Amino acid sequence: APYRKMVTVAGMPATDTDEVIATLAQIYGPRFRKSPSNSALELALSTVNGVVHAAQIIGNITRVEEGERWCGYRYTTESIGNLTEALDADRVAVGKGFGFDLPGVISYFDPSGRARTAQQAIQPMRFQRTFKAGPRHILTRYIEEEIPYSLYVVEQLGQKVGVATPVITHMITLFNATRRKDYRALNDFADEMGLTTSTAEQFVELWRTGFKA
């Protein structure tokens, strides 16, 4: 895949951001910029992989279990696109609860602004990146990583700022039932991060100053 034309960066601690950008620019060229808030938490919440992959997998899970060759971009149909947008609306709302103006999934995949739906933004990617085959084994990171370390984190952050995440919460519950696991309990970084114990203010500060041993 080609390099991204621009990558947003925030250091931990935030006071190191300029140094980090300068170092990266020496290696990869001038393609890095500081995030608007200079917050690593903003960048973490900007990640759309969790909502995109969860929607693709829940609608194509038998393809994964049967080891079929399939493309997540191709099978982001109208319904899967609608589900992607609904999950993403929860993510964006949580970001706003923390004061971040996060880009939505449609603009993430189509910065030109021409696409009006997630399907219109994502489905054409199959023509540009046909190598991007979907998972062919049920123990895929699309589930085993994205549910506990992406969707569950967004759900918990929403609770810190009083923002409901109904679609994300139901999606986690569906995967718990489908795979007979407790994906919330499978996040083994939750305690170290203070995910369920810290206040919103403490969590923001933690991501600004960095984690201490």
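1. In the protein chain, of the contacts (heavy atoms within 4.5 Å) between residues at least 6 apart in sequence, 71% join residues at least 24 apart. This is a predicted model, in which local features need pLDDT of at least 70 and side-chain atom pairs count only at pLDDT 80 or more, while totals for chains, interfaces and linings use all residues. Residues are numbered from 1 along each chain as its sequence is written, and side-chain values use heavy atoms, with hydrogens and water left out.

2. The protein chain has 12 helices and 2 strands, these being DSSP runs numbered from the N terminus, with helices (H or I) of at least four residues and strands (E) of at least two. Along the sequence they follow the pattern β-α-β-α-α-α-α-α-α-α-α-α-α-α.

3. Buried residues, meaning those under 20% relative accessible area with a 1.4 Å probe and protein chains only, make up 44% of the 213 residues in the protein chain. The C-alpha trace spans about 50 × 40 × 30 Å along its principal axes.

4. D88 lies in helix α4, which covers residues 78-97, and this residue is buried, with a relative accessible area of 4%. Apart from neighbours within four places in sequence, D88 is in contact with V48, V51, G104 and V105.

5. G95 is also found in helix α4 and is buried, its relative accessible area being 0%. Leaving aside neighbours within four places in sequence, G95 touches L45, F100 and L102, and its C-alpha atom is separated by 9.2 Å from that of L41, 54 residues apart along the chain.

Key
Buried < 20%, exposed > 50% of the residue type's maximum accessible area, 1.4 Å probe, protein only.
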